[in-house]
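Okay, thanks for coming, everyone. I'd like to walk you through one structure today, so let me put it up on the screen.

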Amino acid sequence: MKVPLLDLVAQYQGIKDEVLRAIMPVIERQGFIMGPEVAQLETAIAGLSHTRHAIGCASGTDALLLPLRALDLRPGDEIITPAFTFFATAGAIHNVGGTPVFVDIDPATFNISPRAIEEAIGPRTRGVIPVHLFGQMAAMEEILPLARSRGLAVIEDAAQSIGARRRIDGVWRMAGELGTVGTLSFFPSKNLGAYGDGGMMVTQEDALAERLRRLRLHGGAKQYHHDEVGYNSRLDSLQAAVLLAKLPHLADWSRARAAHARRYTEAFSGHPAVCPPQVDPHNEHIFHQYTIRAPRRDELQVHLKARGIGCAIYYPLALHLQPCFAHLGYARGSLPVTEAAMDSVISLPIYPELTGEQQDAVIDAVLGFYA
Ligand SMILES: Cc1ncc(COP(=O)(O)O)c(C=O)c1O
């Protein structure tokens, strides 16, 4: 049985009428730029994220770029970030003239280690980007006091964690709620995916929200008047309409993903080779990815692919070892927990529409490899 890593066609078939009903008015009125759908979605995402503001933009990459730009970094200013993340996290730091400082992760959750942040803070540090990787939040209750006591910005990269939450002092806190800014991606494969690129920034700070709104429109609050040089980084009305149609399903989709995760973890628990992902007990994990650690990982990947089982390695080469960051001087061995992860992880199909039969095929193929 073939099992894709992700089946967006299956999702579309279930919501086709709702999506077409949402996008047709945009097409009929030919109103593609900054239409009312964008503001509606911003209100809805601010509600979901428990924030005062949400500002749509062109991608999850730009959602990082704009708040980093708002820090007005000077050459040599540093932003601390994990090396075990998608490239955009560090690419955005570089593209605003900052220097990424890569630190190690917690082996249990794959998220940035607060202790490593503390050790990396220096006189040029201006901010921290914790990435809520694979669908569960980083230890914000430890990261925030560290950052606040030193006046650092905290940009939560929640591209993979929309709707994820963490219990802090008895209160559920949403991904993006507590940092200076939280950033979301609507890349099609994300838990809430558009039909193209899209992103959003969430924040509690009024002045910052205003600046981000300007930066996404070439730096001008008023048309043809530019207070600073910004970007063309709007969220399309069509994408906002698609996302508004999908948003009411998000909680059910995340529940379905979590149920699949429980089933996989039951099947793999106690197995001597396969190490299922660990959920921090403070977290509600939305399982953007179900990522196991497995010995002979590359051979396992070949075995799964030969049987038609979709799988992927997120991420095979951590960012501190990427050729474009060679000038920063990190050698192999400098981030041992990150490097152990990149050499052993493999992600399995976890999309909401995955059937029990398909999931059995994945489990049999994984366990069959080690039998
Ligand atoms: C952790 C992380 N940060 C940033 C991004 C960038 O988002 P986008 O692809 O929408 O630019 C992604 C998604 O690909 C991501 O997974």
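Let's start with F110, which sits in the loop between β3 and α5 (114-120). Keep in mind, by the way, that what you're looking at is a predicted model. F110 isn't a glycine, yet its phi is positive, about 70 degrees. And is F110 buried or exposed? Its relative accessibility is 5%, and buried means under 20%, so F110 counts as buried.

There's another phenylalanine to look at. F134 lies in the loop between β4 (125-128) and α6 (140-149), and its phi is positive too, near 65 degrees. F134 is also buried, with 3% relative accessible area.

Then there's a peptide bond to flag: going from Y314 to Y315, it's cis, with omega near 15 degrees. Y315 belongs to the loop between α10 (297-306) and α11 (336-344). Why point these out? Most peptide bonds are trans, and most residues other than glycine have a negative phi.

Okay, on to the sheet. It's open, with seven strands and mixed pairing, and the order runs β1-β9-β8-β5-β4-β2-β3. The edges are β1 (53-57) and β3 (99-103); each has a single partner strand, so one side of each has no neighbour in the sheet. From one strand to the next, the twist averages 25 degrees.

Zooming in, β8 (residues 181-185) runs antiparallel to β9 (residues 199-203), and four bridges link the pair. For T183, the bridge partner in β9 is M201. Packed on the sheet is helix α2 (residues 36-49), which touches β1, β8 and β9. The direction of α2 makes about 130 degrees with that of β1.

Definitions and conventions: Residues numbered from 1 in each chain as written. Predicted model: local features only at pLDDT ≥ 70, side-chain atom pairs only at ≥ 80, totals over all residues. Heavy atoms only, no water. Pairing = 2+ DSSP bridges. Helix = DSSP H or I, 4+ residues; strand = E, 2+ residues; numbered from the N terminus. Axes fitted to C-alpha atoms, helices over the stretch in contact; angles between N-to-C directions. Contact = heavy atoms within 4.5 Å. Buried < 20%, exposed > 50% of the residue type's maximum accessible area, 1.4 Å probe, protein only.
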